[in-house]
Amino acid sequence: MERKSKRNKEKRQKRKEENACQPTSEIVLYKANNQDDPMAHFSEFRIFEKNGINVKLECKRCGSLDVGTIHWIFDLEKRNMKALYEQCEWGWNDKIKKEEMTDDKAWYLIARTTEPECKPVAFSHFRFDMDYGDEVLYCYELQLEEEVRRKGLGKFMLQVLELIGFSAGMKKVILTVLKHNAEAKAFYTALKYTIDETSPEDNVLEQYSYEILSKVNKKLSSSSKVLI
Ligand SMILES: CC(=O)SCCNC(=O)CCNC(=O)[C@H](O)C(C)(C)COP(=O)(O)OP(=O)(O)OC[C@H]1O[C@@H](n2cnc3c(N)ncnc32)[C@H](O)[C@@H]1OP(=O)(O)O
């Protein structure tokens with residue numbers, strides 16, 4: 001008994017010390033959002049060469065993207081998602097979507113073919129943000145051109161997002177998926193994303209056309225490394 005209570009006391013003390021060492025949410029988010037390049041620590045993950053795809057990843061704030069890239073991002077989003085949005089109460093609105101996608105908080109992970117073409121073929125719009133009191137990497141979009149799908153690039157990019165988010169101290173990677181987007185649902189399920197506790201549940205009064213999925217940062221403790 002005595003040993004146990006002593007151990008409990010030690011545990012409580014350790015937890016107290018750990019909590020005292022935890023930076024506040026504001027600091028964690030400030031640091032995450034003020035990085036020059038969230039991929040700086042993961043240069044080895046910039047290249048994806050598999051199944052006939054040869055692309056390079058770059059990670060930039062929306063404000064650092066050139067007009068041509070922003071135009072392509074919106075065009076791909078519209079080609080991939082407009083019909084799905086229109087199948088539910090969300091509907092599609094160019095102006096609202098453009099505003100969301102060019103918000104100051106928006107970060108982009110972009111895959112381009114190698115030189116000399118440097119043609120963009122896939123992107124993710126993500127943000128470091130607070131969500132119900134948690135610091136999260138919110139994956140707003142992961143969009144691939146049709147010709148590069150089902151070759152492992154989506155999986156690779158999502159894993160890079162996890163690396164970026166978890167190493168910046170985010171508690172989870174979270175996203176919203178339309179329930180009738182069967183391909184995306186199969187993809188996130190294959191990558192072990194599960195229903196987030198904040199996902200709304202259908203009831204007799206209200207049915208939701210979307211669900212919120214997440215993957216938790218299991219290693220988040222004082223002993224894990226926040227790299228920035
Ligand atoms: C938060 C959001 O952005 S939701 C919207 C997601 N984006 C879209 O719906 C746009 C159109 N689709 C896409 O851009 C892509 O197909 C994505 C992002 C959904 C998936 O990326 P991909 O590169 O095609 O997937 P990837 O090849 O990495 O697949 C990994 C695994 O996911 C599963 N998977 C992926 N696509 C499918 C599919 N269409 N049907 C069934 N399972 C699938 C498989 O288990 C696959 O492994 P396998 O190929 O060894 O069987």
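**Close-up views of a predicted model**

**View 1. Lys192 counts as exposed, with 8 C-beta neighbours inside 10 Å.** (Helices, H or I with at least four residues, and strands, E with at least two, are DSSP runs numbered from the N terminus.) Lys192 is not a glycine, yet its phi is positive, at about 70 degrees. The model is predicted, so local features need pLDDT of at least 70 and side-chain atom pairs 80 or more, while totals for chains, interfaces and linings use all residues. Residues are numbered from 1 along each chain as its sequence is written.

**View 2. The loop between E3 and E4 holds Pro116 and Cys118.** Start at Glu115 and step to Pro116: the peptide bond joining them is cis, with omega of about 5 degrees. Then find Cys118, another residue other than glycine with a positive phi, here near 50 degrees. Cys118 is exposed, and 11 other C-beta atoms lie within 10 Å.

**View 3. The largest nonpolar core has 40 residues.** (Such a core is a set of buried Ala, Val, Leu, Ile, Met, Phe, Trp, Tyr and Cys residues joined through C-beta atoms within 7 Å.) Leu109, Ala111, Leu137, Cys139, Met157 and Leu161 touch the most other members. Several elements each supply at least two residues of this core, among them helix H2 (25-33), strand E2 (53-61), strand E5 (134-144) and helix H6 (182-190). Helix H5 gives the largest share, 7 residues.

**View 4. Ala111 is in contact with Phe48, Val55, Leu57, Val121, Ala122, Leu153 and Met157.** (In contact means that the C-beta atoms, placed from the backbone, lie within 7 Å.) This list leaves aside the neighbours of Ala111 within four places in sequence. Two names from the previous view return here: both Ala111 and Met157 are among the core residues that touch the most other members.

**View 5. Helix H3 (residues 67-86) packs with helix H4 (residues 94-101) at an angle of about 125 degrees.** Their axes are 11 Å apart. (Axes are lines fitted to C-alpha atoms, for helices over the stretch in contact, and angles run from 0 to 180 degrees between N-to-C directions.) Which residues meet here, from H3 and from H4? On the H3 side they are Ile73, Phe74 and Glu77, and on the H4 side Lys97, Lys98 and Met101.

Terms used: Two residues are in contact if their C-beta atoms, placed from the backbone, lie within 7 Å. A residue is buried if 20 or more other C-beta atoms lie within 10 Å of its own, exposed if 12 or fewer, and partly exposed in between; C-beta atoms are placed from the backbone.
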